[in-house]
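Good morning, colleagues. Please turn to the structure on the screen; I shall begin with one residue and then widen the view to the chain.

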Amino acid sequence: MHVAAITGFSGAGKTTLIVQLIEHFRREGKRIGAIKHTHHPLNEENRGDTARFRAAGAEPVILANASEGAVIFRASGTSRVNYSAPRELLAHCSDCDVVLVEGFKQLGDWPKLEIARDARPSLEEVLAILDRIWRS
């Protein structure tokens, strides 16, 4: 399983980039999971970034909040889990080839790509970076 977190400030384009990555990897026939870190209260509604990740083809999509645990969205329904460390959430993506994480800027021991509002990389640039990271 290949894992990478996309981090950056609000408005930097993280969600848009992750949606593009999900669609790219799905076209390659890969199974993609997505984890979204939020500071907002958890909900089980298919809306916002969760809905965008699911519509792009990610399964599962996990909405995680450090104080409340996580909601796991799958085609078969939703469930809630607790976790101590962000890496534990990867156990719920065991059948995925690629897991893309949005957030967990200060947490998580997976590779991170920081996106800046004034220097947004292209999809091709990000794919090249991920290829280098995942081959090392």
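Predicted model: local features only at pLDDT ≥ 70, side-chain atom pairs only at ≥ 80, totals over all residues.

Apart from its neighbours within four places in sequence, Arg117 is in contact with Phe9, Ser10, Gly11 and Ala12. As for Phe9, 108 residues separate it from Arg117 in sequence, yet their C-alpha atoms are 7.6 Å apart in space.

Where does Arg117 sit in the secondary structure? It lies in the loop between β7, residues 112-114, and α3, residues 123-135. Is Arg117 buried or exposed? Its relative accessible area is 53%, and exposed means over 50%, so Arg117 counts as exposed.

Let me now turn to the whole chain. The protein chain has 3 helices and 7 strands, arranged along the sequence as β-α-β-α-β-β-β-β-β-α. Among contacts between residues at least 6 apart in sequence, 65% join residues at least 24 apart.

What of the overall dimensions? A compact globule of 136 residues would have a radius of gyration near 14 Å, and the protein chain, at 14 Å, agrees with that. Along the principal axes, its C-alpha atoms fill a box of roughly 35 × 30 × 30 Å. Of the 136 residues, 46% are buried. The accessible surface is about 7100 Å², with 47% of it belonging to carbon and sulfur atoms.

Finally, the charges. There are 18 positive and 17 negative side chains in the protein chain, and the centres of the two sets are 1 Å apart.

Note on methods. Residues numbered from 1 in each chain as written. Heavy atoms only, no water. Helix = DSSP H or I, 4+ residues; strand = E, 2+ residues; numbered from the N terminus. Buried < 20%, exposed > 50% of the residue type's maximum accessible area, 1.4 Å probe, protein only. Contact = heavy atoms within 4.5 Å. Rg over C-alpha atoms; globule rule 2.2 N^0.38 Å. Areas by Shrake-Rupley, 256 points an atom, 1.4 Å probe, with all protein chains shown as cover. Lys, Arg positive; Asp, Glu negative; His and termini not counted. Charge placed at Lys NZ, Arg CZ, Asp CG, Glu CD.
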